[in-house]
Amino acid sequence: MKNLYFVFIFIFLFGFLLSAWRTERTNAERHDIHVEEIVEQFHQQNIDVAEWSIFAKFSFSQKSKKVKRIYTQFRQFNWSYLESGNFEKWTGTYYNSDKQITETLQIIKPHAKASPKIQVIYEATGKRWNGRAWMKLERYFNRHIFDKIPGNPTFFTCVKGYTDDKMKGVLFFEANNLLKRFHAKPVESLNEQRFVSISGFTNDWDHSIKTKNGKMNIQISLRSAGMGERTTVTVGTPIITTEY
């Protein structure tokens with residue numbers, strides 16, 4: 001009987017942990033955060049990850065009194081305040097040493113005549129990639145950031161990396177090959193001698209934006225530093241939000 005009791009407890013705990021894991025994964029997928037998928041392709045293409053970032057943009061009614069609550073919920077941030085003729089803006093920054101990420105929160109409150117919506121922008125940037133720690137980060141984002149800010153967020157994801165040396169092929173060819181790795185088709189592109197940018201659309205990801213040539217939800221850029229030098233590779237969804 002005692003052995004059966006321990007077997008029952010083990011099965012119960014295993015089921016509970018599996019359910020919790022699935023919930024976290026579902027939340028991350030629902031939030032359209034694709035850092036892990038991009039990093040996986042970087043590793044397969046021998047691209048060293050240098051930096052990743054996520055942006056979450058929220059908006060809610062000016063009539064809401066939640067601005068002060070957001071401000072007080074993130075007391076660990078170092079806050080500054082700016083007022084102009086058109087808006088009020090609170091900016092908070094925090095280096096989270098436990099998670100090894102830099103966090104930024106912006107609360108933008110336009111004057112009522114300018115816009116009826118308050119905008120909140122959250123950014124998290126990491127300089128290192130740790131696959132084992134990513135699930136904890138997803139849990140942190142869901143429980144301690146996104147659940148505290150009202151509204152349905154729009155997400156932007158970006159990963160930057162480097163090759164050890166100059167890519168073997170022509171930049172445009174290499175960028176197009178990387179685009180195919182995400183099951184995406186090109187929408188528009190820019191092709192220069194040392195810089196290439198390709199925007200595309202993949203059915204694997206739900207969120208997209210409209211362009212004059214159709215919908216897009218992935219952007220890839222490659223920049224060469226010159227003969228024999230490393231190439232900077234940046235992938236963003238739905239667009240690249242950092243300088244490249």
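Here are some notes on the structure above, point by point.

1. First, the ground rules. This is a predicted model, so to speak a computed one: local features need pLDDT of at least 70, side-chain atom pairs count only at pLDDT 80 or more, and totals for chains, interfaces and linings use all residues. Residues are numbered from 1 along each chain as its sequence is written, and side-chain values use heavy atoms, with hydrogens and water left out.

2. How confident is the prediction? The mean pLDDT (the predictor's confidence in each residue, from 0 to 100) is 84 for the protein, and 82% of the residues score at least 70. Strand β8 (residues 195-202) has the highest confidence, at 96, while helix α1 (residues 2-30) has the lowest, with a mean of 46. Take care with residues 12-30, where pLDDT stays under 50. For that stretch the model has 12 contacts beyond four places in sequence (a contact means heavy atoms within 4.5 Å).

3. Now the overall picture. The protein has 5 helices and 12 strands; these are DSSP runs numbered from the N terminus, helices being H or I with at least four residues and strands being E with at least two. Of its 244 residues, 39% count as buried. Here buried means under 20% relative accessible area, exposed means over 50%, and partly exposed is in between, with a 1.4 Å probe and protein chains only. The protein exposes about 14800 Å², and carbon and sulfur atoms supply 51% of that; the areas come from the Shrake-Rupley method with a 1.4 Å probe, and for residues only the protein chains shown count as cover. Among contacts with a separation of 6 or more, 60% are between residues 24 or more positions apart.

4. Aromatic rings deserve a look. Rings of Phe, Tyr and Trp (its six-membered ring) pair if their centres lie within 6.5 Å; planes under 30 degrees apart count as stacked, over 60 as edge-to-face and the rest as tilted. By this rule there are 15 aromatic pairs. Take Phe77 and Tyr94: their ring centres are 5.6 Å apart and their planes sit at 35 degrees, so this pair is tilted. Phe77 belongs to the loop between α3 (67-73) and β2 (78-83) and Tyr94 to strand β3 (residues 87-96), so the pair links distant parts of the chain, 17 residues apart. Phe77 is buried at 4% relative accessible area, whereas Tyr94 is partly exposed at 26%.

5. For another geometry, turn to Trp134 and Phe141. Their ring centres are 6.3 Å apart with planes at 70 degrees, so the pair is edge-to-face. Trp134 is buried, at 1% relative accessible area, and Phe141 is buried too, at 0%. Both rings belong to one aromatic cluster, whose members also include Trp52, Phe58, Tyr122, Trp129, Tyr140, Phe146 and Phe155.

6. Which charged residues sit over rings? A charge counts as sitting over a ring if NZ of Lys or CZ of Arg is within 6 Å of the ring centre and within 35 degrees of the ring normal. The charged end of Lys148 is over the ring of Phe74, 5.6 Å from its centre. Arg230 lies over the face of Tyr162, 3.7 Å from the ring centre.

7. How many salt bridges are there? The count is 2, a salt bridge being a side-chain nitrogen of Lys or Arg within 4 Å of a carboxyl oxygen of Asp or Glu. Glu51 pairs with Lys127, with the closest N and O atoms 2.5 Å apart. Glu51 is in strand β1 (residues 48-61) and Lys127 in the loop between β5 (117-126) and α4 (131-145), so this bridge ties together parts 76 residues apart in sequence. Lys127 is exposed, at 57% relative accessibility. The other bridge joins Lys99 and Asp98 at 3.7 Å, N to O; Lys99 is partly exposed at 25% and Asp98 is exposed at 63%.

8. Asn96, in strand β3, has 5% relative accessibility and counts as buried. Leaving out residues up to four places away in sequence, Asn96 touches Ile101, Glu103 and Tyr140. Thr163 sits in the loop between β6 (154-162) and α5 (171-181) and is buried at 9%. Beyond its neighbours within four places in sequence, Thr163 contacts Ile47, Arg230, Thr231 and Val233.
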